[in-house]
Structure formats: C-alpha cells, structure tokens
Amino acid sequence: MISTYEPASKKIRHYSANACLLPICSLYGAAVTTVEGVGSTKTRVHPVQERLAKCHGSQCGFCTPGMVMSIYTLLRNHPEPTSEQMIAALAGNLCRCTGYRPILDACKTFCKVRSSDDRNSRLLFSTDEFQPLDPTQELIFPPELMRMAENQPKRTLSFHGERMTWISPVSLDELLDLKASYPKAPLLVGNTSVGPEMKFRGVFHPIVIAPARIPDLNVVKCLDDGLTLGAACSLSVVKDILTNAVVEFPEEKTKVFSAVLQQLRTLAGEQIRNMASLGGNIVSRKSTSDLNPILAASNCMLNLASRGRKRQIPLRDIFADGVGNNTITPEEILVSVHIPYSRKGEYVSAFRQAPRRENALPVTNAGMRVLFEEGTDTIKDLSIFYGGAVSTTVCAKQTCRTLIGRHWNKQMLDEACRLVLKEIALPGSDSGEKVDYKKTLIVSFFYRFFLEVSQSLKTMDPCHYPGIPMEYRSVLQDFKTKMPQSIQIYQDIEPSQSPQDPVGRPVMHQSGIKHATGEAVYVDDLPSVDGELFLAVVTSSRAHAKIVSIDTSEALKGPGVFDIITAHDVPATNEFYYSDDPEIIFARNKVICVGQIVCAVVADSDDHAKQAAAKVKIEYEVLEPVILTIAEAIQHNSFFEPKRKLEQGNVDRAFETVDNIIEGEIHIGGQEHFYIETQSVLVVPKGEDKEMDVYVSTQHPAIIQVIQTASLGVPANRIMCHVKRVGGAFGGKLLKAGLLASVAAVAANKTSRAVRLILSRGDDMLITGGRHPFIGKYKVNEEDLNVHLEEVAEVSLLKMDNAYKIPNLRCRAYACKTNLPSNTAFRGFGFPQSALVTETWITGVADKVGLSPEKIREINMYKENEQTHFKQKLDPQNLIRCWNECMEKSAYYSRKTAVNEFNKQNYWKKKGIAIVPMKFPFGLGTRYLSQAAALVHIYTDGSVLLTHGGIEMGQGIHTKMIQVASRELNIPMSCIHFCETSTTTVPNACASVGSAGTDVNGMAVKDACQTLMKRLQPIINKNPKGTWNDWIKEAFEQSVSLSATGYFRGYNENMDWEKGEGQPFTYFLYGAACSEVEINCLTGDHKNIRTDIVMDIGCSINPAVDIGQIEGAFVQGIGLYTMEELKYSPEGVLYTRGPDQYKIPAVCDIPEQFSVSLLSSSQNPYAIYASKGIGEAGLFLGCSVFFALRDAVTRVRNERGLKKTFALNSPLTAEQIRASCTDDFTEMVIGRWRGGSV
C-alpha cells in the first residue's frame, strides 16, 4: 500500500499497487506499507490477516499477502465497504488454489451489509473468534514525511543507476526543457507501459523523465463545456472524478462520462488503475486501450505544450495516420485532456469484449457517438472508433460520413454493418488471434449501439419511435460481478468424540496465519548465502534444429558475470531416463523444442545474469519435420510406445446390427499449471565430501535427489533435499523441477558457490509443459451404447467410462511425440480429458434421440454392483446418491423450467443448465508408488516433532497429519510441530501426487504414533491419572525410545494390459455437479450463475480443507473447459506466456451461487479414518459449466432453426460461443446462414 500526503488539501491518500511495476524512484515522499507492516505473529496479527486465515482463505499461501494488501488498503479508505467495493478491490488479484470462495467469506465479515448465506449451511469458521477492526489502531502516516511535504520546497530529483538516469522535474517549464534536450526519453507516471516494455521486450531507456509531481499535469477543472483533467491523473482518480460528475450533473450532460466509466470499471484491476495515468493511456496509442476509442468518439481535446508553444488538438487526430502537424511531436507534452459534456439528442456508448470480463486486455473494443437533428432520428453527426482490431485505435470515417442524414432504422443498420466491415480491414494474424471473431464483434457492437439508441429514442418520444422488442432488451445490460453467496454442508462430529480430537473438524491450515502475515518462507525467501550466484537459463528459439555454434563471448563481458554453464560442465549424466525417451539437462548437439535449456549464465545478481543470457548467440540449422500438433503427429506417425487398447463385449457385432450411429471428435486444449510460485531452487554446496543442500519447490524431493546424483556422479547420501512448503504445484513440480535443480547443481558444482535459480513467469511457462491436449474420436451406436474410442494415455483409457456402464466398448490410446516441451502431470491426470470425451458423446446421443442429456446419463449410469471395462468390481450406490442429492439440492427440474421461460422471453441472451455425474478412480496403478514413511520424535518436554514424505503445496497435508498424530497420541495439536520434508529424515519418499498424500502418509504417521503409544502403554497403565508430560518424563527415565518410524507399504494395485484387466485402483470417489450459465449471443460472453456440487469423500478429516480443495479444483476446471487457451506460433513458440495473455479464472468467474455438500454417512474402508483422497476429483466437475454453455448454445440454434449437430471444443471460449450462435452478423463475416434475426 502506498500512502501520500497532499499539503494543499491536507489529505492522505492510500492506494494499492503492483510491486513489480512500481519504480522505487517514484516513491519519494511516500509511505510504503507491506504485508509485514500490517501485522505479524511477533507483534499483532491484523484482523484482515486473522480473518483470511481463519476463514480458510489460504491454501498454498503464495498469493495471500497480495490479497491481504488489497483488502487492507480498501479498509483504510472505507472501514465499512460495500460488497461491490470489496469485489472491485480484489479484481486485480489471482489465486490458483482456493476458487476464491473462502477469501470472499473473509471479505464479507468486513462489509456493511452481510449477505445472507443459506440457513442449512454451517460456517466453517466461528466469527466469535475474530478481533474487531478498529481504524484508530492503524499505522499513522509518518509525521516527518508530512512535515517534509509542507515545509520543504519541491526540487528536481535525479537518481543515477548502473545503466539509466531518472529525472523528476517539478514545473512544466522544466519538463519542456528536459523534453527538448531528450526528445527520445519516455515520460513515466505509472510505469504500466514503459515497465512491461523494458521487462518483456528488452526495450532500454538510458533516461526516464517522471513528471508526476508537476501541478499542471494533475489539474482538475470544471469548465462550461466539460471537464479538463491533467494527463498525470491516475485512472482511479479519473474514475472518482467522473463518478462524482455523473451524480452532480443532469443525465443529458454526462453521457460521455458514463461511457468512459463503463470502460474504467473493467479496465485492468484496481492496483493498475491506481498507477496508470490518463495521458499515458492516450499517448501510448495502444490498440488495446479501452479508453481511446470512447474518448476519440466523444470529441475529447488534447492540450499540448512544448517550449514556447501551446496548442489544442482533437484526440481523434492522433489516430489519423499522422497527417500533417496533427500528431504529437517528440518534444511536445500532453498536459491535460478535455472531456466535453454531452448535448441534447446525443447518445454515447462504449463496448468491450475480453478473454476474461475483468483485468484482461480486450479482443475488440469500441466507442460510438451519434447526434441527431433536434427532435428527429436523422443523423447529424456520427463517430465510430474501434480498438483491438489493428495496431492502434481506428476510426470508421467513411461509414460515418456516408450515414449522415439517414434515419436511425433497420435500413441504416444494414448499410452501416456492411460499410464498417468493408472499411475496417483486419490483417490476417499469426499470433493465434481469430480475425472472424473480431469482425463479428465489430458489427455486433454497432448493432448493440443501434438497440441502445433506438430504446433511448423511444423513451424520449414513445409516440414516434417504436423502440426495440421486449425480448431484445436484456442484451443492453452487461454482466456484472456480484459478491457470491455460498453454502457448505458437511458431516457432524459424533457426540462421543473427545473435544480434544481434531479429526473431522474444520481446523485452520497450520500455516494460515503465517501465509497472511508474509512470514511463511518459500524458496526465494531464504536469506542469501555468502558469495551466492544467480542463474539465468538460455533456451532454444527453434523447435527442431541442430546446434551449429554457441557464442558466449559478449555474455562473458557483462557486468557481474561469473561463468557460463553448458552440457560440457555436467560431471556425469546429462540425460535422465524416466521412460523410454530421455529428459535432457542441457541440450548438446540438437534441440527438440522451443524453450529447451541450452546453457545457463551465473552472475552476482539476477539482473546481471538475465542481461548476459540475452547476449548469448546460438546458431541453428533447422531440422525436419517440425511437429507441433496432434494432427501433425498422426500425419508423421510420431507416437510413443506402447499404444494401449481396452475392449469389452463385442463391438463389431453391435455395430453391424444397428442403423443409428453417431461419429464425432472433440479437441481439448492443454492447460498451464500457473502455480503462483514459479519453479525455484537454491543449491548450497557444503564444501566437503561433495555434499549439497538443495532447497527446492517440488512435489517429489526424492526424484530431485536421484536426478542430481546422476548428473553430478555422487551417491544419494551427499544430496540433501529440503522442502518447507510449495507455492502451488498441481502436478507441475515433478520432473521439470528435477531438471532445473540439476542445472543449478551443475553450476554450484562448477563454481563451488551457492546458486539460486528462480524462473520468471514467462520462462516458466515456456520451459515447462502442462496438461496434455487431446483429440478424442468416437463412434457410438445409440441404442445400446456401443462405443469405439481413440484418445491419449493409459490413465485416460482406464477412466474413460466416467460413471457409465458401456456393454460393448473398444478404446485405443496413442501418445503423440511432438516438438513442444514435454507435457506432464496435471491435477486429474488424463481423467478430465477422457471423461469430457465421454460426456460429449453422451450429449450427442441425447441430441440424436431427442431425449434430455440427464435422461441419457441416468439410463446408462452404473446401477448396482458391477464391473468396470477392465473387470474391477465397483459398488455405485454413492454415485446414485450423489446424483439424486444434486438433483434435489439444485432443484434441477424446476430451474430447467425457469431457464426455458427465460429463454422464451430473451432473444440475445440465453441461459443453459446441465448436470454431470462423476466416478473418479483413486490409485497409482502399482504398489511401490504409494508406499510412505513417517518419523515421529517425542522430546522430554512432551512436545512432538513430526515428519513424513508428503509435500505441503496448499492441500493442507501437514495440518491433516498433525490432526492424525493428535488423535493417535491423544494430545492437543498445539503440542505437535512439523518442520520440513527432507530426504535426510524420510528417504525414498514417493511423490505427493494423485490425491494420495493424506491417504498414504496418514497411514505411516498413524503407524509411527501407534508404535510409540505401545511403548508408552505400560507407563500409562501404571499411572492412568498422570499427564502426558509425566508419562514422557517417566519413559525417558526408563530408557524407552521416544522416536519411531512409521511405514505404509502402499495399496495393492495392478493392471495386466495384455489381458485388459486388473485392479489398478483401490476405491472410487463419486460426485455430481449442476451448473447454470447465461450467455450473451452478441459477444459470446457468459456468466456463471449457480453451481451445486455433491461429493462423496468418505469421512472428511478436515471439512474446511476438503471443501476448499473441491472448490479450488472446480474453478481450475472452469479454467480448463472455458477460458485457458494456450496459443503457439507456427514455429512452436508459446505466445501465451504470462497473466497478460493467459487468463486463469478470477473473482469475476466464480458462480454467483456456489454450494458444496459432502455426502453424509459415507465410509471408505481402504483409507485413513474412512476418508478419501480429494485433491483432484473436483476438477472434472468444472465441465458442468461447459455443458451448461453447450445447452445455452443449443437453445439459440434450435430457436434459429439451425441443424442439430455441431461441435464444440474445449476450452469453450467466448469466441466459440459467438461463432456457434449463428446470426446475420456472423453470416456477414463468414457467410454461413441467412435468417431474420436482426
């Protein structure tokens, strides 16, 4: 939080900001509060921190400090905020673990009006425990800064760094002189444009001028014809000024202000708006600016100044292809912007469509204004500007000129659409952007403007103007983000259970408070080691090529560069075999994908290492073929062996006897893990016996040890891996973490120094693989469900039946070999893809036979004790219970009727609803992969130190293990401590994957504790009334060992692929989800209205943690199936390399009503305390949103008389939804269909 003091008004302003964009030089005179300053466990935990932790709002905890700061800053400005203010404050924050619900639960406790969540719901936390928020107890603004602001004359500030100079002038004249001297120096106010250019594009500015302190650039003037705002005003300030103006002035005068506000509400997040300036947004002329089209269309004026000259130009001129002297010259400064009042008979609107509703750059946006001849609908003046379409904002000049004098009617609309499509020529793009979608939006936006203005004309004069049909009106309202209502239903504790026994209770995450205070330590928080070096990797820029030469001469000359590490520096093995094909540490002679590590630079700082890495020159010779897609792999017959097949019944005969056969295919895109903590490792050589301490963010310390020992040629007993906690992983911190740790270890070995490697988000996304993309091909006979399937990977074959009994089935799996980074495990591991294929053909059958999808699902669901297609027995009783309970809790049939009613009354907006069952098999396929060990020490003061092989990455495993130990030892959780997972305490531990962490480590902890209790039992029997401490003291005096290991051999799982049968799974989790959505047919945008989930997870060890896992997985599933789109260039370069281009769900994407119920009285005899492994299963239920969207699209197409069968792929983005809602506008663009929709 940044706090500044304004001496003139004597006001203190607090605002949140992104630390990564905030230059320290810009903070002169400001007070900075970080999460540590808000509160700590050493001083006092602040109510924001306490409530976030106690409401279970942190899982991995890496994003929690950011959440704390956003909420804290809002409360400093508004101690009792509205829920709208709270939602807006969090729009710029991302969380990958929680699904946001528990974070919002914490937020609601501060809001003015508490929302009424459902009565049946029991809170997972107790509000009685919260300390009250007392604004008088907050940190004061430092008096010395206040005195400095009031008494010190403002002076020019200059800061000189290693490569650049920062100059901050205090007067306009001084600024104009500087600009004349340094015409190329950028003006920097919020650093939201210059900062990313320097960081991501390598743009370098030796001199930067920061004019934010100049009064003329911060002016706010109210004139007769409008408002004049200083160019340095932040977008947040502009928003506040315009909001007040809209309240203050009559509506007729504020239409421009309202349209600008419409864009400001969703432009970036609050943290960016607090920094970004109005002038910077205009002058950068970016095509993605949401403000420029509306400001240009509204006839805003720019006040420019240069030495000895001031002038005023219309804002639209800076987009007029730089004609004559209209554009801004290098020495000119934009001083202020004049935004005019609107006039009578003038209508102004702004539109945008983005990959995510908030905090996302637009695909296309628009600003439109029309002025009518007084008292008529004859166009006197018309302005149409678009952004996002080409390289800058563009004006449809010809169209506007042609339409002047026309009446505002259907003929004008038809002509306008045709003209504007002809005039706005969109270049074909190779960055994966779809031109057709942009063109469709261009005309759809104009149509929306046409509807708005027609309705306004009717309001003005109902006798003369018909307005628009009732069923069109809902499209005039954009989707807004509301504070979600949520319900959580979980089992009661048995009355006989001891109050001290924590199992089954919603216990707070053991690190929750530390997450919220910023005291939780991750790899990059470890203090620097003496002589430590920083490593930056150099990656391949070619997908398949021979390395001709590597020139490191320029890089080695860089400041602070210590050495360059290549394959020649690897002492032993450079290749690691986890399967038939090796994982390579450093590419030696050739590269097989873009992003493969070729070499690495070590230097005395992260910046120096990165600067040098950029100077390494690699010469390539391209090799053929370059295979980037599944289709290309099929074409080149590029597959991994073995190809797998499973068969049941007689498929060929079943197909011979029927007429109705459905064939189809679905493409499912990959998914980036987007853990909030990127891959991180610190390797510290100990200086003797080749020992190394490795601190690494991984799910599998043992594999790190194995890969490092192989690459360094030392025994495993010299490599000590330590993991305290991981900032999110989801399957993405296994093998690649091992390769990266080896890169750092090789560097540490060569230099004999500690080496730190923290990947930037862009490098992380480029180097590491994600979820496997799929193509599922199916052929189904609908009468008796006979299926022939082709898809990818063993696990997906075993799990493809989802919840259905398929009498005749043949499925084959082919894993494709491509020139992209190797994909890896990702939550659900094959099931989310193969089960989506199954649900797709189930829906296809429903379409074909004219029954509802839920009927087809019910008919074919496993009903009684049956066998799966690989002959494993299952009892589907809880599957049926989940389905029926979800039907009932979601009131499915009555809501379906309401959806039908809504759809009859609305043409351009449609709702959809879907319910999907789930059978999720639990198991890792072989026994040795699920073995586990634990080590428990009891010290003579009675305290217990617990360690096990599981990794804490947000799923609360350490919290649950402490709950287990607390029950077994019959002592309070507060007596038990978990320090870290390490290869020194638990050797050869299996990876924390496959939802198995709690199951297997819980058994090991239980075993160790029971061993200790057996040893203590004679002492307890002798002194039954003694305390725990008495018994431990006595045990020590009797020389009873107070340390024990516990062990679990693993589950007896097996699969015989030759016979196509086995028992690869130990048990099944069941669930069902019902989701309702609403789509905007003109843009493809959608809103998640409501989701009800029922899950069978046995007896929950910790309902707060388990419900958090279900919700977090579900929201990740929404991302997979509806939003998260990976885009590659034709050369195999990943375009979507960061939060700018790759959109994960944010607060605006979660359902407005979100209910999770745990199935009651469910037992699981196979796992600890009858629980079930819960981490992954919920992700697939996100496809209920996919099928609800499909339902809405189907209803649109049925109403418009379009053919039944149509294919939808995953992710089902706004672009696909818009293209499937075929109408006159898509027809104009693509020429698909002629109907009378407009």
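Which domains does the domain assignment of the protein give?

## Domains and model

The assignment, automatic or from a database, gives domain 1 (2-151), domain 2 (157-425), domain 3 (523-622 + 672-759), domain 4 (826-923 + 1061-1221) and domain 5 (925-1052). This is a predicted model, where local features need pLDDT of at least 70 and side-chain atom pairs count only at pLDDT 80 or more, while totals for chains, interfaces and linings use all residues. Residues are numbered from 1 along each chain as its sequence is written, and side-chain values use heavy atoms, without hydrogens and water.

Let's turn to the strands.

Strand 17 (residues 533-539) pairs with strand 23 (residues 597-603) in the antiparallel sense over 6 bridges. Cys599 in strand 23 is the bridge partner of Val538.

## Where domains 4 and 5 meet

The C-alpha centres of domain 4 and domain 5 are 38 Å apart. In contact (heavy atoms within 4.5 Å) are 21 residues of domain 4 and 20 residues of domain 5. Together the two domains bury about 1600 Å² (accessible area lost, 1.4 Å probe, summed over both), 57% of it on carbon and sulfur atoms.

The rule finds 1 salt bridge across this interface (Lys or Arg side-chain nitrogen within 4 Å of an Asp or Glu carboxyl oxygen).

Methods:
Two strands pair if DSSP finds at least two bridges between them. Helices (H or I, at least four residues) and strands (E, at least two) are DSSP runs, numbered from the N terminus.
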